[in-house]
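Subject: Handover of a structure, with notes on what was found

Dear colleague,

I am passing this structure on to you, and I would be grateful if you could look it over before reading the notes that follow it.

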Amino acid sequence: MNHQKAMEIALEQARFSSKASGDVPVGAVVLDEAGRLIGIGSNRRELLTDPVGHAEIVAIKSAARALGKWRLDGCTLVVTLEPCAMCAGAIAQSRISRLVFGAFDEKAGAVGSLFDLLRDPRALHKVEVISGVLKDQCAELLSDFFQERRP
């Protein structure tokens, strides 16, 4: 599966779960080395009253269960929004090899906007980062969500 197709699945997950739960529409998928979908997630903070219920964390846990191990070497995480510091840490700790994200997060992004935790030369685990995949669609989804709540 290519990055654009994976991002389309993440966007659909974000749209669906946000309508169902009221959570901020962020979706994520994890692909194995062969490009097969092995994990999926969306924000679940509101739904589960879980402060760490970010889409990336949910997708990483789903992929780890699918593989039966915590090390996700060779895997790709595709997420609609630039990860925060917590999620960037989870990406590094799970040994994900590649991160693909759509929209930048100027307020909390930790993979280029405010910080760049995954490409910091001092980091123990290096992650390939590809940004801006379907960025306009990803940004529009978030913008629409917040416009509805904060007119």
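How many disulfides does the count come to by the rule used here, in which a disulfide is a pair of cysteine sulfur atoms within 2.5 Å? Before the answer, a word on the source: this is a predicted model, in which local features need pLDDT of at least 70 and side-chain atom pairs count only at pLDDT 80 or more, while totals for chains, interfaces and linings use all residues. Residues are numbered from 1 along each chain as its sequence is written, and side-chain values use heavy atoms, with hydrogens and water left out.

Cysteines

The count by that rule comes to zero disulfides. For Cys75, the closest cysteine sulfur is that of Cys87, and because the two sulfurs are 17 Å apart, they are too far from each other for a bond. Cys87 is likewise in no disulfide, the nearest cysteine sulfur being that of Cys84, at 3.8 Å. In terms of relative accessible area (buried means under 20%, exposed over 50% and partly exposed in between, with a 1.4 Å probe and protein chains only), Cys75 is buried at 2%, and Cys87 is buried at 0%.

Salt bridges

Side chains of opposite charge can pair when their charged atoms come close. Taking a salt bridge to be a side-chain nitrogen of Lys or Arg within 4 Å of a carboxyl oxygen of Asp or Glu, a search of the whole structure finds six. One of these salt bridges joins Arg98 and Glu128, whose closest N and O atoms are 2.9 Å apart. Arg98 lies in strand β4 (residues 98-103) and Glu128 in strand β5 (residues 128-131), so this pair ties together parts that are 30 residues apart in sequence; helices (H or I, at least four residues) and strands (E, at least two) are DSSP runs here, numbered from the N terminus. Both partners count as partly exposed, Arg98 at 25% relative accessibility and Glu128 at 39%.

Another salt bridge is formed by Asp32 and Arg36, with 2.9 Å between the closest N and O atoms. Here Asp32 is buried, with a relative accessible area of 11%, whereas Arg36 counts as exposed at 54%. The side chains of Arg122 and Asp120 also meet in a salt bridge, at 2.6 Å from N to O; Arg122 is exposed at 72%, while Asp120 is buried at 18%.

Aromatic pairs

A pair of aromatic rings is described by the distance of the centres and the angle of the planes. Rings of Phe, Tyr and Trp (its six-membered ring) pair if their centres lie within 6.5 Å, and planes under 30 degrees apart count as stacked, over 60 as edge-to-face and the rest as tilted. On these terms, a search of the whole structure finds two aromatic pairs. The ring centres of Phe101 and Phe104 are 5.0 Å apart and the planes stand at 85°, so this pair is edge-to-face; Phe101 is buried at 0% relative accessibility, and Phe104 is partly exposed at 41%. Phe145 and Phe146 form an edge-to-face pair as well, with 5.0 Å from centre to centre and 85° between the planes. Phe145 counts as buried at 7%, and Phe146 as partly exposed at 27%.

Pockets

The search for pockets runs on a 1 Å grid over the protein atoms alone, where a pocket is an open set of points at which a 1.4 Å probe fits, with protein on both sides within 12 Å along at least five of seven lines, and lining residues have an atom within 4 Å of a point. A volume is the space filled by probe spheres set on the points, which are joined across faces, edges and corners.

The largest pocket has a volume of about 530 Å³. Its lining consists of 21 residues, of which Val24, Leu81, Asp105, Leu142 and Phe146 lie nearest the centre, and helix α5 (residues 135-149) gives the largest share, four residues. Counting Ala, Val, Leu, Ile, Met, Phe, Trp, Tyr, Cys and Pro as nonpolar, Asp, Glu, Lys and Arg as charged, and the others, Gly among them, as polar, this lining divides into 11 nonpolar, three polar and seven charged residues.

The second largest pocket has a volume of about 180 Å³, and the residues that line it include Arg15, Lys19, Phe145 and Arg149. Helix α5 gives the most to this lining, with five residues, and the lining divides into three nonpolar, one polar and five charged residues.

With best regards

Definitions and conventions
Disulfide = S-S within 2.5 Å.
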